[in-house]
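I want to go through this model piece by piece and note what I looked up.

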Amino acid sequence: MSDTIFEDMTCPLPITTHPKVLMAHGGGGRLMNQLIDAMFRTLFTEVQPHDGAVLEFPQNKLVMTTDSFVIRPLFFPGGDIGMMAVNGTVNDLAMCGAKPLYLSVAFILEEGLEMATLWRVIQSMRQAADAVGVQIVTGDTKVVERGHGDGIYINTTGIGVLQCKQAINPSQVQLSDVVLISGDIGRHGMAVLMQRENLAFSSQIESDCAALTEPVMALLEAGIEVHCLRDATRGGLAAVLNEVAIASGFQIDCIESSIPIDSAVQSICELLGFDPLHIANEGRFVCFVAAKDALRALEILLRYDQCAAQIGTVTNGRPGLVSLQTAFGGGRILDMPSGELLPRIC
Amino acid sequence: MCLAVPGEILRIEGATPLEKMAQVKFGVIEKSICLAFLPQAKVGDYVLVHAGIAISIVQQDEAQRIFTYLDEIGESNP
Amino acid sequence: MKFVDEFRDAQAVRKYTEAIHNLITQSWTIMEICGGQTHSIVRFGILDLLPSCINLVHGPGCPVCVTPLETIDKALAIAAKPNVIFCSFGDMLRVPGSYSDLQSIRAAGGDVRIVYSPLDCLSIAEKNPEREVVFFAIGFETTAPGNAMLVKRAEQLGLRNLFVLVSHVLVPPAIGAILSSPQNKVQAFLAAGHVCTIMGMQEYDDLAKKYQVPIVVTGFEPLDILQGLYMCIKQLEQGSAHAENQYTRSVLEQGNHPAQQIIAEVFQVLPRKWRGIGEIPQSGWGVREKYQAFDAEYHFRLEAIQVNEPSQCISGQVLRGLKKPYECAAFGAQCTPDHPLGATMVSSEGACTAYYKYRRE
């Protein structure tokens, strides 16, 4: 991601007057209005001036979703909290088969946050929104005392339009469905962790943070019988497969060697003792498609990412179980990850 | 215990034996590693690294033994 | 990755497992000492490949599991102090003490930091001269040279704000304790290749001779473990009992001398309590008086701590190979990786975690 957008536009709020966010910026008075006008409205040009936004919708069914972003650090190789806040919600809409139309954005700012930092985040959100064609139409700002936030928390709520007749969710998954992944896994979580914990390695791993609308729409437009879509965020591929297995009541059998993992991610995972299957992604999704459409679906995904792959099938074994066939033909159960990802020496 | 990963020594530096460090390449990534316990290690050697410390030089001819041993077993049990 | 991928070759794995099937004629109980071996066996599904008459038992080779409860509680007390920066390997963060764990201390505002290497603490101490930087120095012999190096470098740099909370444990006394127990069922050992990389083979030659058991020192890749098992079973079938080195690409007969020297200079042998097992004489290392200034126990003058281990936990018996995890009443019920009751469910290498995550039997 280039930094040219940041070089072109300098921070609108005079740095000498208010270089940092103050409690008063959340107080509803003159300072807050100055913050909104100078910082948010400059780039979020579609934001309507009232308490709410009046919107136009086509005839189709609507999809609504919400998500909050509390990541630390705010900036990491390949992305930042702003980009995630837009793409994360856009992706949740895509996982339902919806094209994104509108976003609301709510900021919780920590007293003392540098205005220049806030400006970078706003610019990043603008860029991400433009890339996928979604409008930010309304928002809110609050300021909390120093020490009560990690700089910035963002909530985005998204509304999109359903692009398909069939329902897309875990209960639609059927026996013999094929499981596909849209690209290689493990980048986002590793990029963030290495930045946060100051792990100095030469090779920079970049987050895969990206909008997934295009490949999903391509699948739907091609008439692929898509039963379920899930983006593999917190908890990684392991969490998604387990959640779908449990919700659908089927067993999912995967082949370990078919799961695409970048070699730098693999090397760092070996070194630190992580399992790449537990690591968060921000631009990868799993899709469950009818077996008859599997090859066509894979061809479509490969157009967007050459690492896309078929990784497994839905079978009739133990409901809720995810099994992984190792390279030697032996098996292991791929369990739900327990929570925080921790490196190990043992 | 004791997760140790093999990597290739690209560069060695350090004024004293206690401060000897190596730039080691693991697959496609590189990291600075303490080399103080392997005074005889040189650039191009592979070393096993545990928690940022190089603990042994990989004996490359011995690494083949696992496969030659297998051949020996195969020959005695056709 | 070189020297990793070759040892995961599927064809060679198949050939070794066939060879083991052809060789074995009766049941044998073999203990793999090291948590890293357990992890590998479970991760690569090796148990599925072996003949069912091999009873592979997971031993106490997980320093996270065996760190005594008192030490965890001391760590928590230190980490909670406002001026302390508490540094630890990631493995230790979720280990439960009597009342809390490091992760919770961090959530409550304690400055707890994960480090990849003990030497990372040097720059933390240099950058924060007014704070007390404490490193949680746990581990077996493999980790000791790095911890000793930390103390020596701190001395060399003149750092007055760096301390180590040491809880090192030694493998040979543990093997001795297991074999001396009247309830022992273990007939042979797979010993830890990285421990022996540091310490050499001598102690294992002595153990094999004294207790008349085969001991094979192995590496951690699937082929290492399978070749090690083959060598072990061969000895058992032939009735021989000596120490053998499978991991010759890393383990030398004499071990790593510079590492042994720095350990001897900074540490001294002590009795140590092993969580779930109890005290084993001469089974640990602590900081020598000469380096007292860097010893966290000395610096923080911690009071003796009353500890509280849940009664249902049978990790001691699991660690000694007397019981399997699923034979515990609490296994998978009150005791899971998310809320572990004891040592062996805590660490990712613990036998109970391994069984819970990968087999659920």
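**Entry 1: a helix in chain C.** I looked up which residues of helix H12 (residues 257-266) of chain C are buried. They are Ala259(C), Ile262(C), Ile263(C) and Val266(C). I call a residue buried if 20 or more other C-beta atoms lie within 10 Å of its own, exposed if 12 or fewer, and partly exposed in between, with C-beta atoms placed from the backbone. Down the axis of H12(C), these buried residues fall within an arc of 105 degrees, so they line one face of the helix. The arc is taken over the directions from the helix axis to the C-beta atoms. An α-helix has 3.6 residues a turn, so residues three or four places apart point the same way.

I then checked what this face packs against. In chain B the buried residues of H12(C) meet strand E5 (53-57). In chain C they meet helices H7 (144-157) and H9 (193-199), and strands E10 (267-274) and E11 (278-287). Helices (H or I, at least four residues) and strands (E, at least two) are DSSP runs, numbered from the N terminus.

**Entry 2: conventions.** This is a predicted model, in which local features need pLDDT of at least 70, side-chain atom pairs count only at pLDDT 80 or more, and totals for chains, interfaces and linings use all residues. Residues are numbered from 1 along each chain as its sequence is written, and chains are lettered from A and ligands numbered from 1 in the order in which they are written.

**Entry 3: chain B against chain C.** I find 32 residues from chain B and 44 residues from chain C in the contact. Contact here puts C-beta atoms, placed from the backbone, within 7 Å. On the chain B side, strand E4 (46-50), E5, helix H1 (60-63) and helix H2 (65-76) each supply at least two residues. H2(B) gives the most, with seven residues.

**Entry 4: domains of chain A.** The assignment gives domain 1 (4-162) and domain 2 (170-333). Such bounds come from an automatic or database domain assignment. The two centres, taken over C-alpha atoms, are 29 Å apart. Domain 1 brings 20 residues to the contact and domain 2 brings 22 residues.

**Entry 5: strands of chain A.** How do E4(A) and strand E6 (residues 152-162) of chain A pair? They are antiparallel, over eleven bridges. Pairing requires at least two DSSP bridges between the strands. Lys99(A) stands opposite Val161(A) in E6(A). E4(A) and strand E5 (residues 135-144) of chain A run parallel, joined by nine bridges. There, Leu103(A) has Ile136(A) as its bridge partner.

Definitions and conventions: Contact = placed C-beta atoms within 7 Å.
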